[in-house]
Amino acid sequence: MTGSNKQYDAIIIGSGFGGMYALHHLRDKMGKNVRAFDGASGVGGTWWYNRYPGARVDAPSSPFYAYTFSQELVNEWDWKETQTAGPDVLAYLEHVAARFDLLKDIQFDTWVTDACYDEAAQRWTINTSTGESATAQFLVCAVGALFVANLPDYPGIDDFAGECYHTGRWPHERVSFEGKRVGVIGTGSSGIQSIPEIAKEAEHVTVFQRTPQYSLPARNRPLSSEELTEARENWEDLRACMCHRGGVPFKITHRRAADATPEEREALYEALWETGGIDLIINSYAGVMSKKELNDEVSEFVRNKIREIVRDPETAAKLMPDYYIGTKRIILDNGYFETYNRDNVSLVDLREDPIQEFTPTSVRTQDGEHPIDILVLATGFDAVTGSMLNLNPKGRGGVSLQQKWGERFDNYLGTTIAGFPNLFMIHGPGSPGVFFTMPLGGERTTAWIAGCISHLEEAGLGAMEATEDAEKAWDGEVNDLANRTLHPFANSWYMGANVPGKPRQFLGYLLGTQYFKRLNEVAEEGYEGFEFEPVHAGAMARASSSLENRVEN
């Protein structure tokens, strides 16, 4: 197959939740000739790579962190826990791939190394790590919002001679911590999930904390057969409820804090803390994410919980976050703060005692040296934009995405980019992405993309492309929503603040319901904000040739 140039209607990059559904929808519901490419050796996307100890969905999940499009699929898959473990998510995705016969149209162990738009042919051409090339009228980028590992650049880190693992690139074979001294850098979601599990086995764990976190108890428990049955019997109603801004069928409260006494508010916080999950944020009082005084109260409640849980006052003080709760990713844990009561766990606050350098056997900080055998980098990702910039497609005039996005991640509707005709993103910047249940978000975004493709076909058009004016208006809409909240006050990866040199820009659309309504409005109004091209003569000849040489599935 080396050197071949196969022709498809659509090429999909990625086979996680978004890519798999895009393949199913475009191929099985629209009858398109589709090929998906993935550098991994199997389906799963993020869940194929993130196999670190304790990996779980860090949101209310079972049975809602799943596809919604098939009642039969809902009926046949038995979720085990309320907070789904990583291996179970991966097993589910493997089941979906087999059930809908997706594997025959996914090419694994194949990185897309280049993607260029041919303006005359109105087609995208990709080149791959296997030496192949392929073309398609449409390019669907389901490359993952949390994929490109963010690696720290401490002096001497490459000289460390022990084992070193990034949580987002965890080995598929078991890593043994028994009798080992382990250093963990980072206390985001993967750090908070993995540290308690590593501590159960390691001789000693030293946590190098860059930023203290608010973490809420997950209260994970087995999912009962009665709960599964109820969800299945009421699935269509639940699916409708899942379309609100978070993508889960839970109502967001309209309680007013001003209507309750301080004692009543404290009692409610206590009850929601015991319930677990993110109810403390979404189901206590309206305005937690927009009103400073109310947010301060909820933040202090959680800080007091940390003080209660962590027995050593000095360690507890180091664990105190000082930003507004919820403005960084909300994390759910299973015993994170309790882990600091173990004799084999110590905490280094890098704000007060920064890393100076690595040696082959240790981490040297300003105040001391910490011998380690294993280094775990829970340092997160170049989130939302990193994967697209890694792909770096070239649009009109050969302009690359890295050039386009050098100073700002301009796009329209979180799915399209001016200068890049017929290219679509799933969970791109400016979409709800990580602020919405991603399987459902992928389904609804794909349905809109499919509508764009149908519109072009029905109108006899060859290409559609967002305008720069539409991009500017969308950027204003995204930031207007963000500025109504406390999010812009935090140095979070939502703002691109975790990657040195990355443009500071809020990367998500905060209201899922409004977002998908906006997508529908754009379609109903004749795709306002887009420019269209008729089919070029050369493209028509190419399409005719493609039909004659169509790849057999």
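**Entry 1: Glu-197 and Lys-200**

I began with Glu-197, which is partly exposed at a relative accessible area of 30%. I was working in a predicted model. Next I asked which residue Glu-197 meets in a salt bridge. The partner is Lys-200, and the N to O distance is 3.2 Å.

**Entry 2: salt bridges across the structure**

I wanted to know how many salt bridges a search of the whole structure finds. The search returns 35. I picked out the pair Glu-457 and Lys-32, whose side chains meet at 1.9 Å, N to O. I checked the accessibility of both partners. Glu-457 is partly exposed, at 43%. Lys-32 is buried, with a relative accessible area of 15%.

My next pair was Arg-56 and Glu-81. They form a salt bridge, and their closest N and O atoms are 3.0 Å apart. Arg-56 is in the loop between α2 (46-49) and α3 (71-76), and Glu-81 is in the loop between α3 and α4 (86-99), so the pair ties together parts 25 residues apart in sequence. Are these two residues buried or exposed? Both Arg-56 and Glu-81 are buried.

I also noted a network of salt bridges. It links Glu-119, Arg-396, Glu-465 and Glu-533.

**Entry 3: helix α14**

Helix α14 covers residues 438-459, which is 22 residues. I looked up how far α14 reaches from its first C-alpha to its last. The answer is 31 Å, close to the 32 Å expected at 1.5 Å a residue. Then I looked at what follows α14. Gly-460 comes after the helix, and its phi is positive, near 65°.

**Entry 4: α15 against α16**

Two packed helices are described by the angle between their axes and the distance between the axes. I looked up both values for α15 (residues 468-483) and α16 (residues 512-524). The angle is about 160°, and the axes are 12 Å apart. α15 is therefore roughly antiparallel to α16, since angles over 145 degrees count as such. The crossing of the two helices is right-handed.

Which residues meet between α15 and α16? On the α15 side I found Trp-474, Glu-477 and Leu-481. They meet Gln-514, Tyr-515 and Arg-518 in α16.

**Entry 5: positive phi**

Most residues other than glycine have a negative phi. I therefore noted two residues that go the other way, with the general rule in mind. Asn-422 has a positive phi of about 60°, although it is not a glycine. I looked up where Asn-422 lies. Its place is the loop between α13 (401-404) and β17 (423-425). Asn-422 is buried, with a relative accessible area of 1%.

Tyr-527 is my other case. Its phi is positive too, near 65°. Tyr-527 is found in the loop between α16 and β19 (530-534). Tyr-527 counts as buried because its relative accessible area is 6%, and buried means under 20%.

Conventions. Residues are numbered from 1 along each chain as its sequence is written. This is a predicted model: local features need pLDDT of at least 70, side-chain atom pairs count only at pLDDT 80 or more; totals for chains, interfaces and linings use all residues. Side-chain values use heavy atoms; hydrogens and water are left out. Helices (H or I, at least four residues) and strands (E, at least two) are DSSP runs, numbered from the N terminus. The expected span of a helix is 1.5 Å times one less than its number of residues. A salt bridge is a side-chain nitrogen of Lys or Arg within 4 Å of a carboxyl oxygen of Asp or Glu. Buried means under 20% relative accessible area, exposed over 50%, partly exposed in between (1.4 Å probe, protein chains only). Axes are lines fitted to C-alpha atoms, for helices over the stretch in contact, and angles run from 0 to 180 degrees between N-to-C directions. Angles under 35 degrees count as roughly parallel, over 145 as roughly antiparallel, 65 to 115 as roughly perpendicular and the rest as oblique. A crossing is left-handed if the near helix is turned anticlockwise from the far one by less than a right angle, and right-handed if clockwise. Contact means heavy atoms within 4.5 Å.
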